[in-house]
Amino acid sequence: MPEQPTPPERPLPSMPPGPHLSGGGRAPEDGAVAATGMGGAMDLATEEGASLRKPATGPQGTGPQDRPRSLWSDAWRDLRRNPVFIVSGLIILFLVVISLWPSLIASGNPLKCDLAKSQEGSQPGHPFGYNGQGCDVYTRTVYGARVSVTVGVCATLGVAVLGSVLGGLAGFFGGVWDAILSRITDIFFAIPVVLGGLVLLSVVTSSTIWPVIGFMVLLGWPQISRIARGSVITTKQNDYVQAARALGASNSRMMLRHITPNAIAPVIVVATIALGTYISLEATLSFLGVGLRPPTVSWGIDISSASQYIRTAPHALLWPAGALAVTVLAFIMLGDAVRDALDPKLR
């Protein structure tokens with residue numbers, strides 16, 4: 001038999017573009033309620049899955065959302081926008097540079113004096129004039145920054161380390177050790193700082209900076225210790241510390257990994273502000289004659305020697321006193337900026 005011709009295939013009816021439901025109708029517009037049926041449910045599930053795979057965007061499509069910042073990264077972000085921190089940081093950076101390399105801006109010898117030029121005013125190459133011994137005030141002011149900054153930094157580090165360790169251990173373990181440390185700190189708080197310096201440093205014959213630094217550490221650690229103790233007591237009551245303890249974490253692990261990073265912020269703030277105070281204390285003790293002694297170049301020594309000629313040569317007193325005031329103010333401003341950045345209650 002002859003083969004029958006195959007009938008042509010009929011094209012399927014065209015459907016409008018877009019997602020379709022199982023009943024052949026169109027899907028609802030965006031924002032409308034989806035129709036019931038297997039097809040609509042599958043389409044909605046597909047769209048929701050695609051939306052979950054997309055990265056979360058910031059406001060107004062600015063890109064992926066940033067991860068939650070820690071306290072330190074958030075504090076650094078605030079510090080970079082704080083003009084007080086920028087100005088004080090630049091001043092302190094300049095002081096550190098001239099302390100390490102004073103010859104960059106002062107080529108003279110701070111110990112070279114000429115009595116023939118005693119109390120003379122400003123001259124070319126000697127913008128600050130000469131003091132009562134005929135020494136160049138500008139050179140001595142520049143070289144005096146080295147001693148003052150060194151004493152302040154070393155004393156602050158010693159006080160921060162000793163006070164943080166003793167206060168942190170007392171706050172963490174509590175009990176009899178906490179009670180003993182509290183009574184010891186009360187005894188040290190009862191000693192006037194300047195009077196204690198007059199008594200202790202008057203029997204020291206060394207002219208180096210280390211007896212002065214040791215005295216500051218001896219009388220300065222109780223303040224940091226009390227602050228560290230209170231911060232540790234507050235931090236160890238948090239839930240993450242209790243969870244670490246319940247999971248069997250050792251005391252050393254809890255102190256190093258969980259408590260110290262979250263309790264150190266108040267100590268840093270107080271230590272930064274105290275650094276300027278220690279620089280001022282060194283100048284006070286040197287002015288009274290019990291701190292640093294000649295031939296050490298110090299702002300306190302220069303202020304003490306120039307006070308005799310304040311009427312005839314006030315420039316010999318004003319320049320080292322001004323440098324001391326600017327330095328102390330810079331560290332106090334830096335401490336205030338750090339406090340504002342690290343304390344969430346002040347934001």
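**Figure 1. Ile 92 and its contacts in this predicted model.** Setting aside neighbours within four places in sequence, Ile 92 makes contact with Ala 330, Phe 331 and Leu 334. Ile 92 belongs to helix α3. The C-alpha atoms of Ile 92 and Leu 334 are 8.9 Å apart in space, while 242 residues separate the two in sequence. With a relative accessible area of 11%, Ile 92 is buried, because the cut-off for that class is under 20%.

**Figure 2. The largest nonpolar core.** Here you can look into a core of 30 residues, in which Ile 279, Leu 324 and Leu 342 have the most contacts. At least two residues of this core come from each of α2 (71-80), α3, α4, α10, α11 and α12. Helix α12 provides the largest share, with 12 residues. If you centre the view on Ile 279, its contacts beyond four places in sequence are Ser 148, Gly 152, Leu 324, Thr 327, Val 328 and Phe 331. Another core lies apart from this one; its 23 residues include Ala 155, Ile 213, Val 217 and Leu 285.

**Figure 3. Thr 327 in helix α12.** Thr 327 is part of α12, which covers residues 315-342. Not counting residues up to four places away in sequence, Thr 327 touches Leu 95, Ile 279 and Trp 299. Its relative accessible area is 1%, and Thr 327 is therefore classed as buried, given the cut-off of under 20%.

**Figure 4. The disulfide of Cys 113 and Cys 135.** A search of the whole structure turns up 1 disulfide. In it, the sulfur atoms of Cys 113 and Cys 135 are 1.6 Å apart. The torsion about the S-S bond is about 80 degrees, so this disulfide is right-handed. Both partners sit in the loop between α3 and α4, 22 residues apart. How does accessibility class Cys 113: buried or partly exposed? Cys 113 has 37% relative accessibility and counts as partly exposed. Cys 135, at 4%, counts as buried.

**Figure 5. Gln 119 and its positive phi.** Gln 119 is not a glycine, yet its phi is positive, at about 65 degrees. You will find Gln 119 in the loop between α3 (83-100) and α4 (137-173). Its relative accessibility of 27% makes Gln 119 partly exposed.

**Figure 6. A cis peptide bond between two prolines.** Pro 294 and Pro 295 are joined by a cis peptide bond, with omega about 10 degrees. For orientation, Pro 295 is placed in the loop between α10 (265-288) and α11 (299-306).

**Figure 7. The salt bridge of Asp 302 and Arg 140.** The structure holds 6 salt bridges. In the one shown here, the closest N and O atoms of Asp 302 and Arg 140 are 2.9 Å apart. Asp 302 lies in helix α11 and Arg 140 in helix α4, so the pair ties together parts that are 162 residues apart in sequence. Are these two partners buried or exposed? Asp 302 is buried, and Arg 140 is too.

Figure 8. Asp 186 is partly exposed, with a relative accessible area of 33%. Through salt bridges with shared partners, Arg 183, Asp 186 and Arg 226 form one network.

**Figure 9. A nonpolar patch on the surface.** Val 193, Val 194, Leu 195, Leu 198, Val 199, Leu 200, Leu 218, Phe 287 and Leu 288 make up this patch, and together they have about 710 Å² of accessible area. The most come from α6, which gives 6 residues. One of the patch members to pick out is Leu 195, which lies in helix α6. Leu 195 has 48% relative accessibility and counts as partly exposed.

Methods. Residues are numbered from 1 along each chain as its sequence is written. This is a predicted model: local features need pLDDT of at least 70, side-chain atom pairs count only at pLDDT 80 or more; totals for chains, interfaces and linings use all residues. Side-chain values use heavy atoms; hydrogens and water are left out. Helices (H or I, at least four residues) and strands (E, at least two) are DSSP runs, numbered from the N terminus. Buried means under 20% relative accessible area, exposed over 50%, partly exposed in between (1.4 Å probe, protein chains only). A disulfide is a pair of cysteine sulfur atoms within 2.5 Å. Contact means heavy atoms within 4.5 Å. Patches are made of residues with over 30% relative accessible area and no salt bridge: like charges are joined within 9 Å, nonpolar side chains (Val, Leu, Ile, Met, Phe, Trp, Tyr) within 5 Å. Accessible areas come from the Shrake-Rupley method with a 1.4 Å probe; for residues, only the protein chains shown count as cover. A salt bridge is a side-chain nitrogen of Lys or Arg within 4 Å of a carboxyl oxygen of Asp or Glu. A nonpolar core is a set of buried Ala, Val, Leu, Ile, Met, Phe, Trp, Tyr and Cys residues joined through side-chain atoms within 4.5 Å.
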